[in-house]
Amino acid sequence: MQNMKPKPPMLVYFVISLILSLPLLFFFFCFKTNTYTPPGNPNSDLKIRPGYTTYKTYIQRQLNKTLNPKLRKIWTTRDWDRKIQVFADFFQVLKQENLLFNESKALCIGARVGQEVEALRRIGVSDSVGMDLVPYPPLVVEGDFHRQPFDDGTFDFEFSNVFDHALFPDKFVGEIERTLKPGGICVLHVALSRRADKYSANDLYSVKPLVNLFTNSKVVRVRKVDGFGLDTEVVFRKIEKQDREMIRGSR
């Protein structure tokens, strides 16, 4: 009888498999450690979209929309008067409710080419300015809404319809509360019943996460609106210092 070759022991198979899998493990490890995942509860009504490897890649994606020549042409031509009129109607309601005044110092966050700012100025709120990653003088100055380029307590009124573009919603809201004066008003237009566009960095499913983020403000009201794909308007008032101290003392 011819001698049969002995079968390699299981240990040899294991070692060979381990060696062959090392490149795959290395790739997986590098991908995981380089993937940028902002903090957030995946089970909450505010979810951060994955896929940003660094903050720089997030900014670049936002710039891809802001600097899109076709979009900028639409914003400054076909959409210009239409959007100004819609924003003016929203702001007129706020004036009627004594939430916005001609004397208010106002900021529009993520204002692109400044239709919101122009609307405010046309209804009498002359001390108004917009902020965006790309400036559009004289209506919009350069700034990152995660780190506003303004001093504490600068504004009486802040408006934004780009909350869904915030990679760090807590910083977005924190900067609003920092730059608002005590008693100041913040108005956000958000989408709850539909998903926002492909450039959005988060998805919001209820008003509750917003309320939780505004730790130094109270909800004034919530109402349904039709604002360029955004369906809900949430109004906050920054708590006066004495009221904040009373709240803390009662805890």
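Modeller: Start with a charge and a ring: Lys171 lies over the face of Phe168, 4.7 Å from the ring centre. A second case is Lys83, whose charged end sits over the ring of Phe228 at 5.0 Å from its centre. The model is a predicted one.

Phe228 also belongs to an aromatic cluster, together with Phe87, Phe91, Phe157 and Phe159. In total the structure holds 12 aromatic pairs. In one of them, Phe87 and Phe159 have ring centres 5.8 Å apart and planes at 75 degrees; an angle over 60 counts as edge-to-face, so this pair is edge-to-face. The pair links distant parts of the chain, since Phe87 is in helix α4 (residues 80-96) and Phe159 is in strand β5, 72 residues apart. Phe87 is buried, with a relative accessible area of 2%, and Phe159 is buried at 1%.

Another pair is Phe145 with Phe172: the centres are 5.0 Å apart and the planes at 75 degrees, so this pair is edge-to-face too. Phe145 lies in the loop between β4 and β5, and Phe172 in helix α6 (residues 169-179), so the pair ties together parts 27 residues apart in sequence. Phe145 has a relative accessible area of 12%, which is under 20% and therefore counts as buried. Phe172 is buried as well, at 0%.

Strand β5, which carries Phe159, is part of an open sheet of seven strands in the order β4-β3-β2-β5-β6-β9-β8, with mixed pairing. β4 (140-142) and β8 (217-227) stand at the edges with a single partner strand each, so one side of each has no neighbour in the sheet.

How values were computed:
Residues numbered from 1 in each chain as written. Predicted model: local features only at pLDDT ≥ 70, side-chain atom pairs only at ≥ 80, totals over all residues. Heavy atoms only, no water. Pairing = 2+ DSSP bridges. Helix = DSSP H or I, 4+ residues; strand = E, 2+ residues; numbered from the N terminus. Phe/Tyr/Trp six-rings, centres within 6.5 Å; stacked < 30°, edge-to-face > 60°. Buried < 20%, exposed > 50% of the residue type's maximum accessible area, 1.4 Å probe, protein only. Lys NZ or Arg CZ within 6 Å of the ring centre and 35° of its normal.
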